[in-house]
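Please read it alongside the sequence and the coordinates.

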Amino acid sequence: MSILTFAIISIIKSVAVVFVLLTAVAYSVWLERKVSARIQNRWGPTKVGPFGLLQPLADGVKFIFKEDLTQPYVYKTLYIASPIIAVVFAITAISVIPFGNSITIGPITTQLQITDLNIGLLVVLGITSMGVYGVALAGWSSNSKYSLLGGLRASAQMISYEVSLGLSLIPVLILAGSFSLREIVNKQQHLHWNFFYLPFGTIAFFIYLISAYAETNRTPFDLPEAESELVAGYHTEYSAMKFAMFFMAEYSNMVTVACLSTLLFFGGWLGPVFGPPILQSLLPVMWFCLKVFFFMFLYVWVRWTLPRFRYDQLMAFGWKFLLPAAIVNLVLTALVVAWKPEIWLVH
Amino acid sequence: MTPNPYLPIDSGPIADLWLIPVLPLAGAAINGMFGRRSSKTAITTIALVFPGVAFALALWLASGFSSASAPYVFDKSVHWIRAGNFQADFAFYLDQLSLVMLLVVTGVGFLIHIYSVGYMTEDDGYYRFMSYLNLFMFFMLTLVLAKNYLLMFIGWEGVGLASYLLIGFWFTKDSAAAAGKKAFIVNRIGDFGFLIALFLIIQHFHSLDFTAVFEQVAAKPTETAGVGVLTSIGLLLMVGAAGKSAQIPLYVWLPDAMEGPTPVSALIHAATMVTAGVYMVARSHIIFERAPGALTVVAVIGTLTALFAATIGIAQTDIKKVLAYSTVSQLGYMFMACGVAAFSAGIFHLMTHAFFKGLLFLAAGSVIHGVGGEQDMRKMGGLRKYMPWTFWTMTIATFAIAGIPPLAGFFSKDEILWMAYISPHGSRVFWLIGVITAFITSFYMFRLWFMTFFGEYRGGPATHDVTHQSADAHAMHDKHDQHGHGHGEPHESPWVMLGPLVVLAILSFVGGWVGIHRGFDRFLAPVFHSQEVAHGSLATADEEAAIAALEKQELILTGVSVAAGVLGLYLAWLLYYRRRDLPDKIAARLNGLYDAVVNKYYVDELYASLFVKPLVEGSSVILWKGVDQRMIDATVNNAAREARHVSDNVRHMQSGNLRSYAGWVAAGGAAVIGYMVWMGVR
Amino acid sequence: MIPLFFYLGLSGILFVCGVLGFLIKRNIITIFMSIELMLNGVNLSFVAFAAHWHALSGQIFVFFVMVVAAAEAAVGLAIIIAVYRTRETLNVDQVNLLKL
Amino acid sequence: MHLILFLFFGGICVAGAVNLLLQRHPINSALSLVVVMASLAGEYLLLGAEFVAAIQVIVYAGAIMVLFIFTIMLLNAGEEERTGKSRVAIMLGVPGVAIASVLVAWVLLRHSGTGDVALFALPGVPHDIAQLLFHDFLLPFEITSILILIAIMGAVVLASKPESIAKPSAAEPAEQEARELVASGRER
């Protein structure tokens, strides 16, 4: 495994992952429109390609060729920079996510993960926290009241829920004993999914899920782009391609969140594996994709069912309920683990 | 060593000596406290009874006394000071010397008390005056009866205090108050010398008790060469005596003391207090005998004072001033006597002087009383007709002081002159100056006599001679002497004043006879064991012829002194009776000298410029302005001003501008780092 | 292997830039940021020395510096808002009430 | 390799720092500061202190700088206008800083020329750091927690409007500002 082969493999892996991510983003848009339609008892996009499968492609083309208006009063540099920041940080988050066990093609066996950092989870957290800049600067640089308000609200919300998100992850770390995502998944062998560590694992999961939704400005917490109030929130002034970028950033964040929840709580790629080695290395990926799909579906499902939070309710809920719950859960798991490590910890 | 027979012996008959001083004290206390409210007669009775009883007690003690008998000792001495090996007790002691003083003080004092009852009745501070007089008696008696120097010193200071109070009795008068202060301060200067002498005694003899000290002194050899311990003690004692008895350097307070009422002048500044110095010198004669140097100094001071004061006396116009200077000169005589180791002669003259000088002052008092407070002799004249009693008593006194035989003055003064002539410590010069002073004394006394009693009465009833030299004194005095005014003709004083005059006249007539055949000298012999007396009464009687020669020589000298007295009488008679114009002509011719004498040789002005002015100027210019203002205040104020300046400059640093603060911090940081690096590198 | 001095040099540069920022800049927020920059410079030297002496406590110290910086930033920004509300300006030269 | 990466990140750091000085608009200097912090995280990774780097990104770049951006946005701070009010700062401050830095540099040169640092010299693994933090440095840890509490309360009190009747919640200052903004928004 010389440096060269390592470089080639990592390039191949990263290109593959990014491609898969982008298509997943595109088709999650499709998925959302189809599912939301079905929820609303209608069909959604069906004309473009069978079951509207080519609709995302159509939208992509539309976004590329649409006229990109940049208003004169905007703060030019940051106006252009913010969507890029948002997309870049959203996508880089995927680099640490492991989606499979390992695969051996010919002489080379490599892990189905771009890179395995022993502080993987922290990196993800760091990158998501950096994502706030995209939103904040977008709101500020477009120099209009609505976008400013939208941008401030979004970043305030993201910052607030980042705290509870971080605290909710710690019980998982206590059980797993390491930041590395691969370690966390390996600790969940034989259906010891963290989700099933009643009651702490489940509570941690739900807190994580809710704060993750807030992080990605989705569903009940999608106040910033609330059409009814703030026109389009922080990306009011954006058109065409930059708008698309924000969309991509949002959906890739959703994918990241989905992946994380599967990895941390539902045992990632762990699932019954059988058949020849090539199948054995691909089946985990299949399990992983199934779980991620489920969460994506959950996203869309929640979005089109729950009403939107008012802003102060949102903040109050975040600080007065979610954060204390996370802390209590953390303390209890720590106590329980410290009290009976042999039951809880898997060595 | 057999106890020296002539030293004061402790073991004498016991007598309650402490009663004598305590009685006047009780009188003073009672009058002082209850005087304001009690009636005049009550005050008078208390003021007279207590000293009278003391006088009676003294007489009773004197009766049981003779030259051979041992001195009385008050043995119940109360412990007063016990400090290490030094101790001093309240111990009283009566021997021949202090008996004489006791009799003089109580006798003359009592008479003056009676006199002042008449003189001061109208004065509103009457009770205060009487209590002060009694207080004075108490201190004088303690001084006289004291058995150790410390108790004597208490009397010494007390007397000074009493004189201050009495001189400044009319304290509303500025001149009186100033005179009181002057007297007190000059006395204090003298006391300073006296104190140092006491310290020396303590240091060398570890005690202040007479018997103890004199025993140790007796054992020491006479100091002939240089200034030894005894000489220095002697000199310092002399300084104290000079202060108290108004000798040359420190006499200036006595003439001013005339501001006080006349009985005060009589009692304090003639009879008793001023003689304290002579008594002290006499008491410590053993020290002086062993310090010939000190002795001659005493003699020299005595003679000089006598001559000097006498010359001033000539030109004075105020009757009391003349008497004051005559007192100073007579005291000079006493010190001259002590100086030539004729202590008994000195004490003898002290006694006689107390009689006739007391009489002179009281007579002058009644004269002033009579003419309505007028003190200037030029305003008087021809009072013979108006005040016959005063005139006759004053005549006796004048003749006595002039030294005309058979009166007291002749005997005592002649004794002193004789002693000055033949005493081993004396010399012909003292005798010669003594005779000259005698002549001047008789001259100014008869001048006073003629001016006051002969010629016609020059004082108009209500005329105010503004041009008079001491006009203010005269005017002030007028104010006080209520009954002076509006009397028109001068009148004779009431009997209560004349009584004492008559008694004193008799005493000054008879007083001298005690001294015939050395009577007085033999009486005091046990104290002074004066075997060196010229006649050598105890000496070997082999040279009968020598003694006979001495007696013949003494007769000649007596003749000379009497001649001097008569000559003075004649000259006064000539100038102030026959040819009244002569004095003014003479005065005009030798105006320079005359002015000097009239102005008392400008001694007061000299002292003022020599001591007072520099002291006052110095303290104000140097101490007040120089040190206090320019040094102390200046430093404080400057410090404050400098602080304000500095803070004013620094204030600009706090400009409120954040970035300038940062600039200062950065600069400071750089400085600190630079220093540390520099230290590190060095 | 890099000589330690490089890291110290870098942190020194950062620190000096922070101080200069503090001195030159007029906007309160920018001054505040230059303080943060100074702290970061210090953090770097902490980590560099920790690595050089192989003592983890250096890194622990970085955490504490961060905590303090966070606390300071919170309070500082609150003050800046309060200043802005009363002064309507962020220019530090105009915020000089202490001026005589 | 180590040198290249070091110089790369170092360069970014210095560029960011200088940019902070030069930029006239605070938002730009804020962003340049974020860049500096991110590159510092890179430097920490080079030295092996990965946990510190992560925390640096999350705490410094992610939270504190966002606060700064927030404040700038809230107060819509404009360009810096030239008010040359304090000459002292420039004439005294800058030379002072220059001298100080020259001296320090000179001292460092003289004394620490020898020491050098390897790539990943000290792996700052979370496990060891946690071990150290919660054993040896427990007291400072607790004290800093109290410090943070005080800071929060201070920020809330300072930032809250004097007449506002809103009960000061224990919210993060950021949230507090947001609520305050909303309140002001409603007012306007």
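The points below are grouped by topic.

This is a predicted model, in which local features need pLDDT of at least 70 and side-chain atom pairs count only at pLDDT 80 or more, while totals for chains, interfaces and linings use all residues. Residues are numbered from 1 along each chain as its sequence is written, and chains are lettered from A and ligands numbered from 1 in the order in which they are written.

**Helix packing in chain B**
- Helix 14 (residues 319-339) and helix 15 (residues 343-370) of chain B pack at about 175°, with axes 9 Å apart; axes are lines fitted to C-alpha atoms over the stretch in contact, and angles run from 0 to 180 degrees between N-to-C directions.
- These two helices of chain B are therefore roughly antiparallel (an angle over 145 degrees).
- Residues of helix 14 of chain B in the contact include Leu323(B), Tyr333(B) and Met334(B), and those of helix 15 of chain B include Leu350(B), Leu360(B) and Phe361(B) (contact: C-beta atoms, placed from the backbone, within 7 Å).
- The residues of this contact comprise 13 nonpolar, five polar and two charged (nonpolar: Ala, Val, Leu, Ile, Met, Phe, Trp, Tyr, Cys and Pro; charged: Asp, Glu, Lys and Arg; polar: the others, Gly among them).

**Chain C**
- Chain C has three helices and one strand (DSSP runs of H or I, at least four residues, and of E, at least two), in the order β-α-α-α along the sequence.
- Of its 100 residues, 61% count as buried (20 or more other C-beta atoms within 10 Å of a residue's own).

**Chains B and D**
- In this interface, 13 residues of chain B contact 13 residues of chain D.
- The chain B side has seven nonpolar, five polar and one charged residues.

Conventions
Angles under 35 degrees count as roughly parallel, over 145 as roughly antiparallel, 65 to 115 as roughly perpendicular and the rest as oblique. Two residues are in contact if their C-beta atoms, placed from the backbone, lie within 7 Å. A residue is buried if 20 or more other C-beta atoms lie within 10 Å of its own, exposed if 12 or fewer, and partly exposed in between; C-beta atoms are placed from the backbone.
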